[in-house]
Amino acid sequence: MVRPLILVSNDDGILAPGLTVMVDALAELGDIIVCAPEAERSGSGHAISFHTHLRAHELRSGWWHVSGTPVDCVYFALLHLCPRRPDLVCSGINAGFNLGSDVFYSGTVGAAAEGYMRGVSALAVSGERGAEGPLHAAPVAHAVAAALLEAPTPLLLNLNVPAPPAGGLGPRELVVTRLGQRKYRDGVQPRTDPMGRPYYWIGGPPEQGSTDREHDTGAVAAGLCSLTPLHLDLTAPDLQPAHALLDRVRIKVPEGSP
Ligand code: MN
C-alpha cells in the first residue's frame, strides 16, 4: 500500500524549531516533503511572488527552502516538487497563536489555504510562543492529521494548541470553534534611527479577549485546543444589503467616453 504523502510548510522559516517538531510528529503517518521559506515570513498572509523569481535549494533529502512566501512554497512544492498529489498539507507549528482575524495575516494559515485551494486537505497548526509551544501542539497535530487523512472530502482546519494546565499530563480537550475577535494593543510607534531619520513599528501585543468557548479566542484562553474549520468563500452569507445598495447606485458615464 502506498503511504500517504504529506507536504509540510510554515511561515517561521526552514530553521524554525516548530517545523522539525511538526515533521517528527507526522513522520509515522506518511512520506514527508518539506518546503518552507528560507527566512521567517510571518504575516505574509496569502502573498504570492509572481512578479519576481524564486530560488529553491534542497537543504537535505526532502527538505527544501524557497526564497519566497509560505504560499510560494506550497505552490512550488505542489506543482514542481511532489512526485504525486499530496494527501495532506500541514503548516506550522507556528510560534504563537493564529486566532480570529489573524487568519487573514497569517502565513501559516496562508500556506494551508493554498493547499486547500488546490484540492488537498490542509491543517494549520499554531502553539504558544517559546520552546515548549510546539512540543505541546505536536501530539494534537498528529491526532488531527491522522483523522484528516481519513476524511472523505478535503477540509481546511486551523488548529491552535495552548499549553496544558499546570503540571497537566492528562488528555487534551479539543473543541470545534468559530473564528473569534482577536484584539491587539494596536498602535504606531515612531522611532529615530542612528542617522536621525524616522522609522516606525506597527502592531502591538495581544490583549485578553473573552473566554467564550464557542470561539477560538475564548477556547484557547480557557486552555482548550481549538479546531476551526475554514472556508475560502468570502462572500457575505446575506446578499440583501448589497442588493439594497444597488438600488441607490447611479453610474454616470462621462459624455464622449467610448
Ligand atoms: Mn509565524
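Analyst: Let's start with one term. A residue is called buried when its relative accessible area is under 20%, exposed when over 50%, and partly exposed in between. Arginine 182 has a relative accessible area of 18%, so arginine 182 is buried. Keep in mind that this is a predicted model.

User: Okay. What does arginine 182 pair with in a salt bridge?
Analyst: Its partner is aspartate 102. The closest N and O atoms are 2.6 Å apart. Aspartate 102 sits in helix H3, residues 102-105. Arginine 182 sits in the loop between strand E8 (174-176) and strand E9 (188-192). The two are 80 residues apart, and the pair links distant parts of the chain.

User: Is aspartate 102 buried or exposed?
Analyst: Buried. Its relative accessibility is 5%.

User: How many salt bridges are there?
Analyst: The count comes to six. One of them joins aspartate 31 to arginine 3, with the closest N and O atoms 2.9 Å apart. Aspartate 31 is in strand E2, while arginine 3 is in the segment before E1. They are 28 residues apart.

User: How accessible are aspartate 31 and arginine 3?
Analyst: Aspartate 31 is partly exposed, at 34% relative accessibility. Arginine 3 is also partly exposed, at 38%.

User: And what about arginine 185, which residue does it meet in a salt bridge?
Analyst: Glutamate 207, at 3.8 Å from N to O. Arginine 185 is in the loop between E8 and E9. Glutamate 207 is in the loop between strand E10 (198-202) and helix H6 (216-221). Arginine 185 is exposed, with a relative accessible area of 52%. Glutamate 207 is partly exposed, at 37%.

User: New topic. Which residues coordinate the manganese ion?
Analyst: Asp11 and Asp12 through OD, Ser42 through OG, and Asn94 through OD1. The distances run from 2.1 to 2.2 Å. Along the sequence, the donors follow the spacing D-D-x29-S-x51-N.

User: Where do aspartate 11 and serine 42 lie?
Analyst: Both are in loops. Aspartate 11 lies between strand E1 (5-9) and helix H1 (17-26). Serine 42 lies between strand E2 (31-37) and strand E3 (56-60). They are 31 residues apart in sequence, so the pair ties together separate parts of the chain.

User: What else is in the loop between E1 and H1?
Analyst: Glycine 13 is found there. Its relative accessible area is 1%, so glycine 13 is buried. Its C-alpha atom is separated by 32 Å from that of glycine 196, 183 residues away along the chain.

User: Where is there a cis peptide bond?
Analyst: Between glycine 92 and isoleucine 93, with omega about 0°. Isoleucine 93 is in strand E5, residues 88-95. For background, most peptide bonds are trans.

User: Let's go to the surface. Which residues form a nonpolar patch?
Analyst: Leu245, Leu246, Val249, Ile251 and Val253. Together they have about 530 Å² of accessible area. Leucine 246 belongs to helix H7, residues 240-246. Leucine 246 counts as exposed, at 56% relative accessibility.

User: What about rings? How many aromatic pairs are there?
Analyst: The count comes to one aromatic pair. There is also a charge to look at. Arginine 60 lies over the face of tryptophan 63, at 4.1 Å from the ring centre.

User: Now zoom out. How many helices and strands are there?
Analyst: The protein chain has seven helices and 11 strands. Its C-alpha trace spans about 70 × 55 × 45 Å along the principal axes.

User: How much of the chain counts as buried?
Analyst: 43% of its 258 residues. Among the buried ones are aspartate 11, glycine 13 and aspartate 102.

Conventions
Residues are numbered from 1 along each chain as its sequence is written. This is a predicted model: local features need pLDDT of at least 70, side-chain atom pairs count only at pLDDT 80 or more; totals for chains, interfaces and linings use all residues. Side-chain values use heavy atoms; hydrogens and water are left out. Donors are N, O and S atoms within 2.8 Å of the metal (3.2 Å for Na, K and Ca); water is not among the atoms, so sites may look incomplete. Helices (H or I, at least four residues) and strands (E, at least two) are DSSP runs, numbered from the N terminus. Buried means under 20% relative accessible area, exposed over 50%, partly exposed in between (1.4 Å probe, protein chains only). Patches are made of residues with over 30% relative accessible area and no salt bridge: like charges are joined within 9 Å, nonpolar side chains (Val, Leu, Ile, Met, Phe, Trp, Tyr) within 5 Å. Accessible areas come from the Shrake-Rupley method with a 1.4 Å probe; for residues, only the protein chains shown count as cover. A salt bridge is a side-chain nitrogen of Lys or Arg within 4 Å of a carboxyl oxygen of Asp or Glu. Rings of Phe, Tyr and Trp (its six-membered ring) pair if their centres lie within 6.5 Å; planes under 30 degrees apart count as stacked, over 60 as edge-to-face and the rest as tilted. A charge sits over a ring if NZ of Lys or CZ of Arg is within 6 Å of the ring centre and within 35 degrees of the ring normal.
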